[in-house]
Amino acid sequence: MGTKPIVKFCLALTISAAMLLQITAPHMAMADAAQRAKSTLLNDKQSQPTKTISTQGENTRTLKLDNNVASMTKKRTIKARFKLPKGTNIKKIRWTYGGKPLSEWKSYKNGDYNGAPFITVTQIKAENGEVTANINFGLAYGTENLAEPSLQRPLYASLMGTYELAAVVNGKTVARAPMKLVPYDSFRTYDELKPEIDAITAQAAQKNNRYIKTMSIGKSVEGRDIYMTVLAKDKATIDKYQNVTHPDMLNHPAKLENDIKSGAFGDYQVPIWINNIHPNEAPGFDAIINYFKTMALDKNVTYKTTPSNGKSSTVTLNLDDALDHVFFLFLYTENPDGRVHTERSNAEYFDLNRDNSYQTQPETRSITEQIARWSPISFLDLHGFDKNFLIEPTTPPHNPNIEYDLLMDNMVEQAKVMGEAGIANTKYDYYHIPYEEHRKTAENPKYVSKGTASGWDDASPAYTAVFAMHHGAMGHTLETPESNEESTKALYYSVAAATDYVMEKKEKLFLNQLKIYERGINNMDDHAVDRYLVNAKNQVIGRPRHGNKNFFPEYYVLPTDKSLQKNPLEAYRMIEYFIRNGVKVERSTKAVSAAGKTYPAGSFIINMHQATHGIANMVLYDGIDVSDYASVAGEIVQDFPVLRGFECDAIREAGVFAGKTSPVTSVSIPATQMPNHSAYVLIRNTNNDVIKTVNELLKSGKAVTMLSKSGTGYEAGDFAVAYDDLHPLASKYDLDVTAFGNNRPVGKVLKPSTVAALGEPAYVLKNLGFKVTDDQQHADVLVNTFDSDKLVEKGKPYIAYGNMGMVNVKNWIPQFAFAGPTWERYEGVFLANIKQDHVITAPYDSEEYFYTVTGSYITKLPKAAKVLATISNKENFFKAGWWPGHDAARGKIMAFTYKENKKNLTVFSNDLTNGAHSQQQFRLLANSIFNAVAGKY
Ligand SMILES: [Zn+2]
């Protein structure tokens with residue numbers, strides 16, 4: 001997890017573009033900061049060392065070292081010796097590292113490398129023709145902890161490397177040896193990972209018969225492999241789990257429970273998944289490799305633990321015994337690119353630990369697919385940094401799709417044993433469990449917590465560990481205190497203690513996980529969960545049943561027929577998501593009437609009587625309103641029907657589809673059905689494929705007309721193109737196309753346009769096929785850019801959205817005013833009234849749910865502005881989310897265009913592209929671009 005990117009205190013300061021970048025778009029700020037830091041790294045005060053190791057010269061001796069690794073975070077003296085060439089005066093010996101004199105290896109101080117040298121040589125002696133010396137490596141950054149973000153990228157990553165340590169006499173090297181400089185001893189680069197896994201695997205093959213298999217489960221944005229190692233007692237363990245145990249867990253959990261209890265099921269092993277997602281929280285990655293090495297090669301792992309009774313004891317975990325009960329899934333990092341670049345985010349600047357449920361990124365799609373394949377019983381996500389060593393479970397608000405009563409007690413126990421081992425074997429003396437700190441605070445208002453007692457919640461399934469809980473895992477995020485060897489150890493011993501815990505309690509834990517699946521099979525809404533679901537006053541509110549008996553509906557139906565489905569493409573994409581995430585999908589074979597509608601054969605059906613009904617519900621239900629809380633840790637709105645804009649109905653009548661469906665095991669998105677030939681065809685502006693198609697046609701020089709008026713069978717904002725131009729693209733996109741006659745369509749003939757945008761909007765627009773640039777001067781339209789006044793005054797079109805966008809345009813529009821939180825990112829789904837007479841909004845329904853993450857709304861506009869949408873005035877306009885004070889937004893303006901005094905502005909108060917998961921709103925942005933830029937009428 002981590003802190004929110006909002007910095008409240010900046011409110012009082014003058015707002016500059018750079019500050020806005022830093023506050024509202026941390027990913028952009030990061031890239032910017034990296035660029036700036038590059039120029040301060042190893043600047044002219046310090047010449048660049050060379051990482052190339054020269055081959056031994058004829059007369060050069062080997063420098064013998066008692067250790068060839070130096071740490072940036074631990075002072076270390078390395079003993080060096082070499083044979084002194086005859087006739088050499090030892091007083092003439094000079095030492096270099098990476099070709100630079102040691103005096104030039106200056107430590108980092110006050111934002112630059114201008115401190116005292118951190119490498120020195122002492123005690124140079126010569127005896128019997130041999131020189132000995134102490135090479136002292138101090139703290140390169142003046143600290144034993146590299147957790148501080150300003151030290152991470154690109155500082156320590158740039159400093160680390162293998163350099164040549166050399167003794168030089170009169171400019172001639174007389175002895176040399178390679179010497180590695182690392183942030184801390186266990187630190188590995190991504191490139192070192194696979195060779196080390198292979199070496200350990202080869203060693204293990206000589207030593208024992210343990211089963212070790214490493215695979216690439218997917219590729220990162222930049223094409224790097226995401227490695228996962230399966231480690232078990234033997235291959236039979238994995239075969240039984242995959243072929244017998246796991247299918248039984250999902251399909252016959254009750255029978256499996258009985259067979260486990262009676263012993264009829266025989267031996268079985270359960271999976272522990274150890275994960276890293278933020279590789280700049282470096283110890284997580286290294287602790288996994290260290291633990292894998294132990295599990296692969298050793299007989300025992302021995303560690304101290306200090307239970308709450310204070311009596312310290314030593315635990316020896318026999319690994320062969322452990323592997324009789326558990327097996328391991330080592331996911332070294334979900335984010336290889338982040339390890340390479342020392343970044344929290346992936347190469348598209350997405351925080352993957354906010355994307356596990358949304359799955360907009362290749363890395364999260366790969367990992368979540370594997371979580372569904374393995375259903376780990378314990379999922380440990382290794383993070384940093386919390387100085388008080390934080391181990392989940394979390395504070396409320398909790399997530400109603402999780403079966404807390406079957407997880408929480410064991411998770412608290414497991415967190416405790418992890419914390420106890422984590423501190424007993426390190427210098428740390430404290431750990432805390434947010435859930436426990438919150439409980440103690442709630443029970444005793446005078447309790448003063450040293451750790452986190454609020455604002456560290458699991459309301460969002462976007463976190464990996466919380467996501468895994470939906471699959472019945474005990475999902476823990478661990479936040480180690482520092483970035484160094486000690487924190488790597490803290491995580492390592494925590495994982496060892498978790499292994500011991502799962503091994504000792506295997507049957508109880510596994511029966512609980514089976515109970516979770518059994519509830520799923522019975523579509524049971526067990527009220528035992530309710531007591532975990534509390535409001536901000538700690539009053540039990542339970543699951544949001546909205547008057548229904550069962551929190552879970554009997555079915556979800558995703559129709560595909562045009563009469564019932566406004567966006568079949570996204571409905572198909574949702575089905576792909578379900579199949580990838582282990583949710584069973586069916587398709588109706590007959591027309592079925594339910595809840596006042598008749599669903600044609602071919603509708604997609606999610607029968608909620610299944611083990612993973614919580615996963616399906618998580619993304620399809622209406623969500624929760626937790627606006628009474630003072631804060632939440634991350635975005636909680638899932639609501640894929642709203643975010644992605646497709647129709648999905650909850651059916652509460654039991655058995656209506658029984659015997660009228662067949663299973664779906666794979667799905668492919670249908671191609672466009674071309675109509676009968678006519679000169680022109682109409683493309684309804686109903687999904688994001690339409691935008692991609694239009695951009696592809698424009699790029700290849702084809703004419704695309706955006707219709708300016710609605711008519712029979714079409715609306716303003718739809719597109720007309722020549723039949724023969726569209727035909728070659730029909731198989732590539734899923735479009736709603738009809739014949740449009742032989743007369744030239746009336747509307748705006750679009751031109752290919754270049755859009756200036758940065759960060760997230762740039763990512764979204766590129767994916768929609770727009771040409772994106774950061775060069776405002778040469779762009780046709782600007783989207784949320786900074787310092788654009790002069791261009792806007794001259795008439796360059798500008799599209800603004802969200803709080804940040806409105807701040808940018810504020811001074812360009814007389815009388816314009818907006819309200820809402822200034823820096824807090826309130827999030828929610830709200831009902832809006834959409835104007836049907838404008839090309840930007842006519843393709844949407846007159847009433848739609850939209851999404852905001854800025855909680856902003858427009859309070860005042862000049863008469864010349866043309867309103868496009870307003871927030872609904874209905875009492876229940878707010879559906880779900882975390883938006884304190886949302887009632888003030890009721891009935892207010894959401895979007896408008898303004899074309900006066902040469903200005904060409906389009907403004908939305910809500911955020912159109914947030915996290916790239918509000919796909920339904922992407923067309924508001926795309927349509928605005930088509931509308932704003934030049935074209936022919
Ligand atoms: Zn993290």
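1. In S15, Lys-304 finds its bridge partner in Thr-314. Strand S14, residues 300-305, is joined to S15 by six bridges, and the two run antiparallel. S15 itself spans residues 313-318 and is hardly covered. Of its six residues, the count that are buried is zero. Keep in mind throughout that this is a predicted model.

2. Next, the overall layout. The chain is divided into domain 1 (8-40), domain 2 (61-182), domain 3 (210-521), domain 4 (555-664), domain 5 (680-745) and domain 6 (754-936). The points below refer to these domains by number.

3. The UniProt record, an unreviewed entry, carries the annotation "domain: Peptidase M14" over residues 186-502. Over that stretch the chain is 43% helix and 18% strand. The end C-alpha atoms of residues 186-502 are 26 Å apart.

4. Where does UniProt place the feature "active site"? The unreviewed entry puts it at Glu-479. Glu-479 lies in strand S19, residues 474-480. Is Glu-479 buried or exposed? Glu-479 is buried, because 28 other C-beta atoms lie within 10 Å, and the cut-off for buried is 20 or more.

5. The contacts of Glu-479 deserve a look. Leaving out residues up to four places away in sequence, Glu-479 touches His-383, Gly-384, Phe-385, Asp-386 and Leu-390. Two of these names return at once: the peptide bond from Gly-384 to Phe-385 is cis, with omega near 5°. Phe-385 sits in the loop between strand S17 (378-384) and strand S18 (390-391). I would inspect this spot on screen.

6. There is another cis bond to check. Pro-396 and Pro-397 are joined by a cis peptide bond, with omega about 5°. Pro-397 belongs to the loop between S18 and helix H11 (408-424).

7. Now the sheet. Which order do the five strands take? They form an open sheet in the order S25-S20-S24-S21-S26, with antiparallel pairing. The edge strands are S25 (649-651) and S26 (661-664), and each pairs on one side only. Neighbouring strands of this sheet are turned by 35° against each other on average, direction ignored. As background, strands of a sheet pair through backbone hydrogen bonds, either parallel or antiparallel.

8. Tyr-555 has Ile-651 in S25 as its bridge partner.

9. How do domain 4 and domain 6 meet? The centres of domain 4 and domain 6, taken over C-alpha atoms, are separated by 29 Å. In contact are 17 residues of domain 4 and 19 residues of domain 6. Helix H18 (residues 640-645) gives the most to the side of domain 4 that touches domain 6, with four residues. That side of domain 4 divides into eight nonpolar, three polar and six charged residues.

10. His-886 lies in the loop between strand S41 (878-882) and strand S42 (893-898). His-886 counts as buried because it has 21 C-beta neighbours inside 10 Å. Not counting residues up to four places away in sequence, His-886 touches Ser-627, Gly-828, Gly-855 and Phe-878. From His-886 to Tyr-857 the gap is 29 residues in sequence and 9.8 Å in space, C-alpha to C-alpha.

11. Two residues have a backbone angle to check. Asn-784 has a positive phi of about 50° although it is not a glycine. Asn-784 is in the loop between strand S34 (781-783) and helix H22 (789-793). With 30 C-beta neighbours inside 10 Å, Asn-784 counts as buried. Ala-916, also not a glycine, has a positive phi of about 55°. Ala-916 is in the loop between strand S43 (905-908) and helix H24 (922-932). Ala-916 is partly exposed, with 18 other C-beta atoms within 10 Å.

12. Last, helix H21, residues 759-767. Which residues of H21 are buried? They are Gly-759, Glu-760, Pro-761, Ala-762, Val-764 and Leu-765. Just after H21, Gly-769 takes a positive phi of about 95°.

Note on methods:
Residues numbered from 1 in each chain as written. Predicted model: local features only at pLDDT ≥ 70, side-chain atom pairs only at ≥ 80, totals over all residues. Pairing = 2+ DSSP bridges. Axes fitted to C-alpha atoms, helices over the stretch in contact; angles between N-to-C directions. Domains from an automatic or database assignment. Contact = placed C-beta atoms within 7 Å. Nonpolar A, V, L, I, M, F, W, Y, C, P; charged D, E, K, R; others polar. Buried ≥ 20, exposed ≤ 12 C-beta atoms within 10 Å, placed from the backbone. UniProt positions renumbered as here; feature names shortened; annotations may be inferred.
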